[in-house]
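Dear colleague,

Please find the structure below, handed over for your records. My notes on it follow directly after.

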Amino acid sequence: METCDAGRLTVLGGNENRLDRDDVTSENAIIQAHENSRQRERWILIVLFIVLIATILASLTIGRYGVPFNQIIDIFTQRITGQGVSEANKEANLVLSVIRIPRILLTIMVGAALSASGAAFQGLFKNPMVSPDILGVSSAAGAGAALAILIGTSSAGVNIVAFGFGIGAVLLVMLLAKAIGRGSSTVLIMVLSGVVVSSFFRAMTSLAKYIADADNKLPEITFWLMGSFAKSGSNRNVIIMLIALILGAAPLLAMRWRMNVLSFGEEEAKAMGININRMRAVIVVCSTLLTASSVCLCGSIEWVGLIMPHITRLLVGPNYRVLLPTAMLGGGIFMLVVDNFSRAIIPGELPVGIITSLIGAPLFIFMLFKGRRDWS
Amino acid sequence: MKDVRCGYKDKTVVEGFSANISSGGILCLLGPNGVGKTTLFKCILGLLPLMGGRIMVDGRNARELSPSDYAKIIGYVPQARTPPFSFNVFDVVVMGRTTHLGIFGKPEKKDFQIAAKCMERLEISNLANRVYTELSGGEQQMVLIARALAQEPAFLVMDEPTSNLDFGNQARVLKNICLLAEQGLGIIMTTHQPDHVFQCEADVSLIMHDGVHLSGTAEQVITEQNLRKAYGIDVAILNAQYREYDLCFCRPLIQGSKTGCR
């Protein structure tokens, strides 16, 4: 009997302790802890930004035509002060401004665009295994490009046809999903439609490759499909990509808090006051724009849109408020580093898509082990 | 003084259901599986279109309110399911504030304070910095209640808040539901336990397979006869005195035997 009482006393004592602790962990403590974690998130963003700048500076020096760092500073000071580039620096200046700087800018923007659309799609489909081309954008754009190359249009023509096919594929998927789902298009039907449409366009690509002239057209198609920045780093493309990035990423960034709510499922999101159809449409349109413009300028670069949101999630957690900007910065850095490899690793140039896949696949398996609890 | 009148009609599932709930009251939806509780539920939440009848909130037709305005009146507590991403618990609660933010809005200091208050109110402040996906089912359920409270609704709609919970957590969640009602919220919840109706001194709507439904207080509706009709089993409804408590509970009779403790 006595032991029983003693046991009871201990339990009561334990309860009192818990109450004390609850009082300490009150409102202010919660907010303070939250404030701290936001501070940490800000620091991560700042550090990533510095890393990005450093990578850009390093990238300027890398390439077939070596430009040492002090020469770059030389050229920049000469250009900024308006005294004109000196004779000795003319050639290096040309390499930088016509080839290297546009390519670097394009690379960063494509990396950011792919990461942003990947992160957005993963939230929309409540599935961390989803990548930007889930709705068939990449394969359709590839088919469009293959056909355009086959017909023999200009490089701008290839880009335009690829873009058109990419957007067309997503429209097709949406229409299919709507028709099959009879108005209430669910996520599952959308994904399945995406699979079907992708497979159809891949067959078209194969057909184009099969009938293409093996001496010139086929290598061109193959090279395009592998994805590369080698031909795309022009000022015109930089401006096109910048516009696409602003149009596509700005709405996503603005709505990023709501994307959190969306990842809890459509019913819960709706009950929390979100106009689910409108939001889904905006996310699909923006993400498609980002992916399609990346693919049409640089070919299909796989894995970036899948793994960058993952790595970022391990770093800062799944809250889109910080995840989306971090993923975009990280995506830009990753793409730039990988592109530097593709420029420097062999004398010619390795298509960047090959490297992203070579790095992406093992990295993804590593993350499957490490981040299991993230998507259990 | 808030008052929802639920005139509802669905050709296929539930027909001509009506009920009333005012702030401070609890309405339990009781009924066997597949009888249309969930359908009814989704209609109340506005997730499914009404096929007839109407839902009135404060004298206004609920369907004329935007999803965002509706969410300011009715908070939804779903069954705890594990989301694909491991959100921080406090972030989950803050998400309840979404309906009060603009389309491009982000939560601000005021929203964080409200969310923290809601957690304190349910005495789960200690969970704030945990990871939502690592919580137990009972803790997740409490977090979801906190999230719905952060919406600052007049009503909470709960989908089987005690299912999948262990014995202790069921009691804990139920106690909090009763407390919230005492604090002035109107609560609609589905449950599989007739006992919950007694414990919360709630009003109840018992829905049966033929589409008939009975509404009223616990004593009026939860009778041995009605339960037998609804569930097709024999049930005993017992009253007992335990210390200062008046207990009323029901117990299905699963064996023919007249003795033994079961």
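Two strands are said to pair if DSSP finds at least two bridges between them. Helices (H or I, at least four residues) and strands (E, at least two) are DSSP runs, numbered from the N terminus. This is a predicted model, in which local features need pLDDT of at least 70 and side-chain atom pairs count only at pLDDT 80 or more, while totals for chains, interfaces and linings use all residues. Residues are numbered from 1 along each chain as its sequence is written, and chains are lettered from A and ligands numbered from 1 in the order in which they are written.

The sheet of chain B

In chain B, B:C28 has B:V204 of β9(B) as its bridge partner. The strands concerned, β3 (residues 26–30) of chain B and β9(B), pair in the parallel sense over four bridges. They belong to an open sheet of six strands with mixed pairing, in the order β6-β7-β8-β3-β9-β10 (chain B). Its edge strands, each pairing on one side only, are β6 (74–77) and β10 (213–217) of chain B. On average, neighbouring strands of this sheet are turned by 15° against each other, direction ignored. Here and below, axes are lines fitted to C-alpha atoms, for helices over the stretch in contact, and angles run from 0 to 180 degrees between N-to-C directions. Helix α5(B) lies across β6 and β7 of chain B and runs at about 165° to β6(B).

Two loop residues of chain B

Most residues other than glycine have a negative phi. B:E152, which is not a glycine, has a positive phi of about 55°; its place is in the loop between α5 (137–150) and β7 (155–158) of chain B. B:E201, also not a glycine, has a positive phi of about 50° and is found in the loop between α7 (194–199) and β9 (203–207) of chain B. A residue is buried if 20 or more other C-beta atoms lie within 10 Å of its own, exposed if 12 or fewer, and partly exposed in between, with C-beta atoms placed from the backbone. B:E152 is partly exposed, with 15 other C-beta atoms within 10 Å. B:E201 counts as partly exposed with 14 C-beta neighbours inside 10 Å.

Helices of chain A

Helix α2 (residues 27–61) of chain A has 35 residues and reaches 52 Å from its first C-alpha to its last. This is close to the 51 Å expected at 1.5 Å a residue, the expected span being 1.5 Å times one less than the number of residues. Buried residues of α2(A) are A:I30, A:L48, A:S59 and A:L60. They pack against α3 (69–81), α4 and α14 (320–344) of chain A, together with α3 (89–95) and α4 (109–121) of chain B; contact requires C-beta atoms, placed from the backbone, to lie within 7 Å. Just after α2(A), A:G63 takes a positive phi of about 145°.

The axes of α4 (residues 90–124) and α13 (residues 304–316) of chain A come within 7 Å and cross at roughly 75°. The two helices are therefore roughly perpendicular to each other (65 to 115 degrees; under 35 counts as roughly parallel, over 145 as roughly antiparallel and the rest as oblique). Among the residues making this contact are A:G111 and A:L114 of α4(A) and A:V304 and A:M308 of α13(A).

The interface

Between the chains, 39 residues of chain B are in contact with 35 residues of chain A. On the chain B side, α4(B) gives the most, with six residues.

With kind regards

How values were computed:
Contact = placed C-beta atoms within 7 Å.
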